[in-house]
Amino acid sequence: MLPRRLDTGMARSKIARSGSLVNLRPSVNTVSLRRHSAVLPSVLTFAVIVASGGLLLMIEKGMLNHMETPSPRGIGVKSDFIRNARNQDPIVETEYQIVQEIRNRTIRTMCGQKNMPHSIWSLPPIQRRTVLQHILVSDKHKFLYCYVPKVACSNWKRVMKVLNGALENVDVKIKMDHKNDLVFLADLKPEEIKYRLKTYFKFMFVRDPMERLLSAYRNKFGEIEAYQKRYGVEIIKRYRKNPGKTNGDDVTFAEFLHYLLDEDVEKMNEHWMPIYNLCQPCAVTYDFIGSYERLHQDAQHVLQQIGAPAHIQFPERQTWYKPVTTQTLHYYLCNTPQKLLRDLLPKYILDFSLYTYTLPNTTSEFCRH
């Protein structure tokens, strides 16, 4: 597990990507960047390059060698991202392709380190069990999908059930069963697992780490009674002064984050376990890593890659779904103790850096707006 404070001697440099603050210290030549403004069409691209560059610098200098990290998870992508971009803004597409290349380069560098796992069989048993339980198998279409809770995994499971004939179409109004009619790598024998990992198309989807945590918090503690009783009651008793009698349905976001800070990463519930631990991208070489921010475009790319019938489209969001907007995320983060956020970030730092998400900006100046 990473130490609670990321103490690597890095200076803080403010990099604006939608107002984000990146606490990394890569060496950047701003004049050179301005010269290449045609290639880097926005400050967003600049930010992710700096963020990933900072991680690469740490890796190349050996700064991470003595840090206790949660089970290694990078993004080992075999092939360059190929965009089938019809009717897409060319500037946005260029920007996204750059982000993909940064992602791929960062993962290749991180996963190339000697101390990183290069197969699932080199993982400790608890880590291997976690990843095998999160990779779904389609033998008919020869692909593997590592599902990440709160990153559209329910809709991907719907797609898989339609592909294997268990559902008539993706819009059938039924409660999603997350186990039945699905095959997991954990269900197979070692030789069967090895064959599929070597020959099948492998993909996963990622999301901004803090947005994912907020989505899990609002859903599980605001709507699901089983989570309120199992986790909420204990969280309130542990972190609230004078908790009194509680049903666990009024956990605050700060109390939730306190709980995550004290939790062993390997024992976390899958809805808030870091993506790094769930999918182990150094141990599994994924062919494609999609983004929640471009869910439908990237899902369409995957459907084409796996040869899905043309009539099968990725589902639209359910009408009851409550999205986490930028404003909502800023509200929660700006009303959370800043020390708590700083202490928690190291647990999710690889999800930020490897997948090119910038750290949250919660400066007093930014939060005033």
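**Salt bridges in a predicted model**

If we take the contacts in the chain with a separation of 6 or more, residues 24 or more positions apart account for 74% of them.

Let me begin with lysine 202 and aspartate 287, which form a salt bridge whose closest N and O atoms are 3.8 Å apart. Lysine 202 sits in strand β4, whereas aspartate 287 belongs to the loop between α10 and β5, so this pair ties together parts that are 85 residues apart in sequence. Are these two residues buried or exposed? Both lysine 202 and aspartate 287 are buried.

Next comes arginine 240, which forms a salt bridge with glutamate 255, and here the closest N and O atoms are 2.8 Å apart. Arginine 240 lies in the loop between α8 and α9, while glutamate 255 is in helix α9, so the pair ties together parts that are 15 residues apart in sequence. Arginine 240 is partly exposed, at 22% relative accessible area, but glutamate 255 is buried, at 8%. These two residues also belong to a network of salt bridges that links Arg240, Asp250 and Glu255.

Finally, glutamate 101 pairs with arginine 108 in a salt bridge, with 3.3 Å between the closest N and O atoms. Glutamate 101 counts as partly exposed, at 34% relative accessibility, and arginine 108 also counts as partly exposed, at 41%.

Key
Residues numbered from 1 in each chain as written. Predicted model: local features only at pLDDT ≥ 70, side-chain atom pairs only at ≥ 80, totals over all residues. Heavy atoms only, no water. Contact = heavy atoms within 4.5 Å. Salt bridge = Lys/Arg side-chain N within 4 Å of Asp/Glu carboxyl O. Buried < 20%, exposed > 50% of the residue type's maximum accessible area, 1.4 Å probe, protein only. Helix = DSSP H or I, 4+ residues; strand = E, 2+ residues; numbered from the N terminus.
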